[in-house]
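Please open the model in your viewer and keep the selection tool at hand. The stops below are meant to be followed in order, each with something to select and something to look for.

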Amino acid sequence: MSTVTTPSREIADLIGRCALRDRAAFRTLYDRTSAKLFGVTLRILKDRSEAEEAIQEVYVKIWQRADRYVAGNTSPISWLVAVARNHALDLLRARRPVSDDIDVALEVPDGGPSPERAAQDSEEKGQIEKCLGTLEPDRADAVRGAYLDGYSYEELASRYTVPLNTMRTWLRRSLIKLKECLTA
Amino acid sequence: MSTSDDIGDFGGRNALVAEYVLGLLSTSEHQRVGALIENDQSLRNERDFWISRFASLNDEFAETAVPAHLYPRIAARVFGEQPKASFWENLMLWRSIAAGALAVAVAAVGFNLIQPVPDANALATQLVAALQGDGSNVQFVALYDGEGNVRLTSLSGDAVPGSDYELWAIQGGNAPVSMGVIPISERSTVTLSPEVMAGWGAGSVLAISLEPQGGSPTGAPTGPIVATGTATQI
């Protein structure tokens, strides 16, 4: 069975049982979700043997961190994809040359979206597409490339043949616009 | 503050969490921002907001079957080094596995072992147990001679360098009681301690765990349970 046909509730239940060290649940979770997560590692790492290594690490992490999944904040499959995607991105980041740190000061936003709102991803499919559609096509593609292919600012700058700082400016403006659209 | 490139303005702050989620920050920034997010509820909400929103793009990750040979490796890594907590879970699972595959071996070895004792009364107090486990090749037959000794015969299993196999008795709802370290490749006899003897009988469970050399340092199983079996009247 694929993630497309496995109800979210069932995946959440399997993750919960993994947190209780249920081996049979881990196997079922693997059977239901590994094709999707392998798709994630494959697309980002773009190398089959690296993706095979990565998928093993990803499931070790899922077993170890199952108790950290909080139902309601993100859908269970989104959480699993995030674990796989973050692991693949960590690998990419580790093999990139050290770049200049962006001088950033992180302050607490006045009010973040509530968890209830954040949990509505399944009901709001297509909203991100709609909002990406409000950006200039290049910039929407750059955001998609960062998410789906794990492209860095450097890679995006060279793909779109713009200076690095221009790419950063583009992306940040795009993300701010995106947020305005998504929370409108 | 006039350009939105300035990370200090309101929008910039919000873009930073999105940049974090997209993975656009350098390693050191990624770690720093990640730590800040972990410690702040509103930043965590912000992070979850972006994860959820971008998740709508997840359909574009094409499902691809994982080669079948990878799961056993994952299982070995995930289940290979289990903490003590896994003991009961393993036991509950394995207790339910019928000793079917071993039944023939039990009959043969058991019969062989008891031959010197043809006495019917002695037979009534003798017990036999087939010890095996899911995902492990360690198999033992245990025969209780009715006089305080358990004779163990190893049918299969490999010695693990730096580790020893330890035998446990589990009686009723009590914690496992160690019966000592046992050899893997030869017959051995274990004399029941008074503590084990007190609860001993048909239904007592024998379990074998893999422990650091010399046996469990804690007095309770610390390694994976590789075989279990229930003592049954012959």
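What pLDDT does chain B average, and what percentage of its residues score at least 70? Chain B averages a pLDDT of 77, and 75% of its residues score at least 70, where pLDDT is the predictor's confidence in each residue, from 0 to 100. This is a predicted model, in which local features need a pLDDT of at least 70 and side-chain atom pairs count only at pLDDT 80 or more, while totals for chains, interfaces and linings use all residues. Residues are numbered from 1 along each chain as its sequence is written, and chains are lettered from A and ligands numbered from 1 in the order in which they are written.

**Confidence, chain B**

Select helix 3 (residues 41-54) of chain B, where confidence in that chain is highest at a mean of 91, and then helix 5 (residues 86-95) of chain B, where it is lowest at 46; helices are DSSP runs of H or I with at least four residues, strands are runs of E with at least two, and both are numbered from the N terminus. Where pLDDT is low, the predicted coordinates should not be read in detail. For the complex, the predictor gives an ipTM of 0.85 and a pTM of 0.58.

**Chain A as a whole**

Now select chain A, which has nine helices and zero strands. Of its 184 residues, 39% count as buried, meaning that 20 or more other C-beta atoms lie within 10 Å of the residue's own, whereas 12 or fewer make a residue exposed and counts in between make it partly exposed, with C-beta atoms placed from the backbone. Among contacts in chain A between residues at least 6 apart in sequence, 65% join residues at least 24 apart.

**Two helix pairs**

Select helix 2 (23-45) of chain A together with helix 4 (residues 76-95) of chain A, and look at their axes, which come within 9 Å and cross at roughly 30 degrees; axes are lines fitted to C-alpha atoms, for helices over the stretch in contact, and angles run from 0 to 180 degrees between N-to-C directions. Helix 2 and helix 4 of chain A are therefore roughly parallel to each other, since angles under 35 degrees count as roughly parallel, over 145 as roughly antiparallel, 65 to 115 as roughly perpendicular and the rest as oblique. Residues that meet here include V40(A) and I44(A) in helix 2 of chain A, and L80(A) and A84(A) in helix 4 of chain A.

Next, select helix 7 (residues 137-149) of chain A and helix 9 of chain A, whose axes come within 10 Å and cross at roughly 90 degrees. That makes helix 7 of chain A roughly perpendicular to helix 9 of chain A. Here R139(A), A142(A) and V143(A) in helix 7 meet W170(A), L171(A), S174(A) and L178(A) in helix 9 of chain A.

**Single residues**

Most residues other than glycine have a negative phi. Select K46(A), whose phi is positive, near 55 degrees, in the loop between helix 2 and helix 3 (48-65) of chain A; with 13 C-beta neighbours inside 10 Å, K46(A) counts as partly exposed. T161(A) also has a positive phi, of about 45 degrees, and sits in the loop between helix 8 (153-159) and helix 9 (164-182) of chain A, where T161(A) is exposed, with 8 other C-beta atoms within 10 Å.

Finish at R65(A) in helix 3 of chain A: R65(A) and C18(A) are 47 residues apart in sequence and 9.0 Å apart in space, C-alpha to C-alpha.

Definitions and conventions. Two residues are in contact if their C-beta atoms, placed from the backbone, lie within 7 Å.
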